[in-house]
Amino acid sequence: MAIELIRDNRFGAFFWTQFLGAFNDNLLKFAVTLAVTYNDALRGSFSPGLLINLIAALFILPFVIFSATSGQLADKFDKTKVMRLAKWLEPPIVLITAAGFLLNSVELLILGVFLLGTQSAFFGPAKYAYLPEQLKSSELVMGNALVESATFMAILLGTIAAGSLMSQEAGDVAVYIVCGFGFVVALLGVYQAQRMPLTPSHSPDLKVNWNLFTETWRNVSFATNLPKVWPALLGISWLWFVGATYLTQFPLLSKTLLNASPGVATVLLFAFTVGLGIGAFLCEKWSRKRIEMGLVLWGLVVMILAGVLLHGVLVTYQTNPDQQTAVEFFSQLNNLAVLGLFVLISVGVGLYSVPLYATMQAFAPKESRSRVVSANNIINSFFMVVSAGFAIVILLAMKGEVLWVFTAVTAINVVVLGLWLFKQPYVVLRAQLLLKVPGKHLPRIENMDHLGDSGGNLIVFPTLLHENYLQRMAGLPIEMTVVLSGRLKQSRFVNRLRKHGFVLEFSKLSEIDTQKELIKAIASHIQQGKSIAIDKPMFELLRKQYRLDDMPGVLAKKGVVMNVLEFMEEQVQQKVQKSAISQTVWRLNKREALTASGV
């Protein structure tokens, strides 16, 4: 499916645009970092430590300053056109950076890095809002897996390319090669952006607030009021904290504890990137092509277990007095253990990250999806800055022993896991359903675009819910209360379902009083903005006897939005290993809010 998706112009052109942009950002940023570190004439009176941290900060700063504005623009205008405009800014930025190299101007180089960050800040909100517009719901997880793994690979390749090219003692020739290569990559990105299909706006009448400070505050405040999305945003921000902390410490780990050559730091970075890609693709497989928040918990568990083992290996590590080359590094068993554990940690990161991004994209309101992404960028930037301060504090407290930075991250991962367990019971349910419900028993669900609509949902399943109700819960990736006829058999798991309102049991649904109670329960859930699921026979009965079709209109007068989402069941033929099989497909449709009389 991955190759087919990349070949499809809806995703393929975007994929290469994103990949080339991430590559160029890191090629130029790392080239500038190396230049100010090793070129005394360029650096002048500034210390290398000051300039390195300034470059890192100025690349992140635009995400804080401009994300709110860029989110508004991506919601107001065609997202593809916004991304195309951002890509057209890239070639001139490369030329400004080249001028900084050739004129030995540290000011121009710093300006070039700041403009690179600015261009990325305007590209980002449109980028993540583009995917759910162009991809089917069944393609969204794979699309995110490809984007996340390719982005980290681009970061790795851009960093390696800059290090390889700038390490050559070729003077201005190295600059010509780096900047010339970067200019060609920028033009390729522009070309790929022109191939992306247009993505019409859902909010063309949006009035842009150009006040950066008030809009930034309003953006983040708006995101906090989205209960389906806000936990995912916080989870993504923690991911960037972890990722930034790990990636930043690899050179220090390589130089101090491992006493290895700079190439080993690149090996560690490569291993982390490979692991993240493995985790992302495992996520696509284990999620059954659905948005599966349960994998967030399992990803954290993998990160914690691997982190504990890593601490055990590093705390007993005997530093070699002679510097290890990359070849010597691979010849020792304890080094391979370190490498393998970093791969395992990043597999956990991949499992953790993809569902969060897919959730943010699928459940953010269509008309403000880009602004939600921009709020996420703002929070991510804050967490990345905090991660730098966090690492500095740990290093100072532990006298520069870098292993305690990794151990501290593992300890906080335990706290984060606890927060998910106790604050997000729905995520815990999804993690349990992954073990209880085999994927082969689930129908394929199409057209889940309406799940992000505002308001409460009445969801109508085509078959009786009390038969295999867990499959119904696992099949639809949304928190809902499932109405069942009869009482479930007592167990700890069932008690948990009852405690958190995931099931609503009625012993005698055939009786009028019970049916009236169900009507009240439906109205209550909708008014709270929740989702409640019933089966088709009960839906038809309530329509006939209690004018259920009138409920959306009645609630609308109270300012409450009620969506009626109905599954239509069909059979499709698929060819698997040259043999045709029949697969059940449930297509989710949104009913028009009409009363029984048609008014």
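**One residue, then the whole chain**

Me: Which residues does Ser237 touch, not counting residues up to four places away in sequence?

Reply: This is a predicted model, and what follows is computed from it. Leaving aside residues up to four places away in sequence, the residues that Ser237 touches are Asn376, Ile379, Asn380 and Phe383.

Me: Is Ser237 buried or exposed?

Reply: Ser237 lies in helix 11, which covers residues 230-255. A residue counts as buried when its relative accessible area is under 20%. The relative accessible area of Ser237 is 0%, and therefore Ser237 is buried.

Me: What does the radius of gyration say about how compact the protein chain is?

Reply: The protein chain has 23 helices and seven strands. For its 599 residues the globule rule gives 25 Å, and the radius of gyration is close to that value at 26 Å, so the chain is as compact as a globular protein of that length.

Me: Among contacts between residues at least 6 apart in sequence, what percentage join residues at least 24 apart?

Reply: Buried residues make up 56% of the 599 residues in the protein chain. Turning to contacts in the chain between residues at least 6 apart in sequence, the share that joins residues at least 24 apart is 79%.

Me: How far apart do the centres of the positive and negative side chains lie?

Reply: The accessible surface of the protein chain comes to about 26,100 Å², and carbon and sulfur atoms account for 64% of it. The chain has 51 positive and 38 negative side chains, and the distance between the centres of the two sets is 6 Å.

Technical notes: Residues numbered from 1 in each chain as written. Predicted model: local features only at pLDDT ≥ 70, side-chain atom pairs only at ≥ 80, totals over all residues. Heavy atoms only, no water. Helix = DSSP H or I, 4+ residues; strand = E, 2+ residues; numbered from the N terminus. Buried < 20%, exposed > 50% of the residue type's maximum accessible area, 1.4 Å probe, protein only. Contact = heavy atoms within 4.5 Å. Rg over C-alpha atoms; globule rule 2.2 N^0.38 Å. Areas by Shrake-Rupley, 256 points an atom, 1.4 Å probe, with all protein chains shown as cover. Lys, Arg positive; Asp, Glu negative; His and termini not counted. Charge placed at Lys NZ, Arg CZ, Asp CG, Glu CD.
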